[in-house]
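Biologist: Please show me how to read the features here, one at a time.

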Amino acid sequence: MTATHDLGTSSLATSDLFRSVFRRHASGVAVITAQDTRPVGFTATSLASVAAEPPLLSFGVGSGSSSWPVLSEAEHVGVHILGEHQRELAATFARSGADRFGPATDWRSGPEGVPVLDGVLAWLVCRVVARIPAGDHRVVIGEVTTGTAAGAGRPLLYHQGRFNALRD
């Protein structure tokens, strides 16, 4: 016996379909930072664990973004897990042309000179081990060298194009 399912209408894989599908996928919110002659950073929802031994993670960055020139050369990056109380911080780092490291952002120079954001749930410093071309982005793989998970609170999520709090 074969079961039939109404899967709705389907369409060819397009950028619009892709965006529509991923708006339905909730993800955690991180801010990635790096330092050159100036600090750079951006909001990322593509953060993923890659391996535990050695501890590796990945994230995507647009190759046309203002942060990419620094990230393309950076030996180390900071990865910050944002809490639900940090919607404004996430929006600042997501907004093109924003003064991301201005007076409204509490941060300090951390290990390897990487900008470390204050008040986050957790942060890591990673040594960049690979930059892989992927369409109009690069997938960056970093090996964790140090960090802390000492922050308190619940994670900030991104869903349907908005920053959201986790609900029980």
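Modeller: Start with residues 22-165: their end C-alpha atoms lie 18 Å apart, and the span is 10% helix and 49% strand. Helices (H or I, at least four residues) and strands (E, at least two) are DSSP runs, numbered from the N terminus. In an unreviewed UniProt entry, residues 22-165 carry the annotation "domain: Flavin reductase like"; UniProt positions follow the numbering used here, feature names are shortened, and annotations may be inferred rather than shown by experiment. The model is predicted: local features need pLDDT of at least 70 and side-chain atom pairs 80 or more, while totals for chains, interfaces and linings use all residues. Residues are numbered from 1 along each chain as its sequence is written, and side-chain values use heavy atoms, without hydrogens and water.

Biologist: In what order do the seven strands of the open sheet run?

Modeller: Strands of a sheet pair through backbone hydrogen bonds, parallel or antiparallel. Here the order is β3-β2-β6-β9-β10-β5-β4, with antiparallel pairing; two strands pair if DSSP finds at least two bridges between them. β3 (39-44) and β4 (48-51) are at the edges with a single partner strand each, so one side of each has no neighbour in the sheet. From one strand to the next, the twist averages 35°. β2 (residues 30-35) is joined to β3 by six antiparallel bridges, and Gln35 has Pro39 of β3 as its bridge partner.

Biologist: Which strands does helix α3 lie across?

Modeller: Helix α3 (residues 87-94) lies across β2 and β3, at about 115° to β3. Axes are lines fitted to C-alpha atoms, for helices over the stretch in contact, and angles run from 0 to 180 degrees between N-to-C directions. Its buried residues (under 20% relative accessible area, 1.4 Å probe, protein chains only; exposed is over 50%, partly exposed in between) are Leu89, Ala90, Ala91, Thr92 and Phe93. They pack, with contact meaning heavy atoms within 4.5 Å, against β2, β3, β8 (115-117), β11 (156-159) and β12 (162-165).

Biologist: How many aromatic pairs does a search of the whole structure find?

Modeller: A pair of rings is described by the distance of the centres and the angle of the planes. The search finds five. Rings of Phe, Tyr and Trp (its six-membered ring) pair if their centres lie within 6.5 Å; planes under 30 degrees apart are stacked, over 60 edge-to-face, the rest tilted. Phe18 and Phe22 have ring centres 4.9 Å apart and planes at 40°, so this pair is tilted. Phe18 is exposed at 53% relative accessible area, while Phe22, at 46%, is partly exposed. Phe93 and Phe101 are edge-to-face, 5.3 Å centre to centre and 85° between planes.
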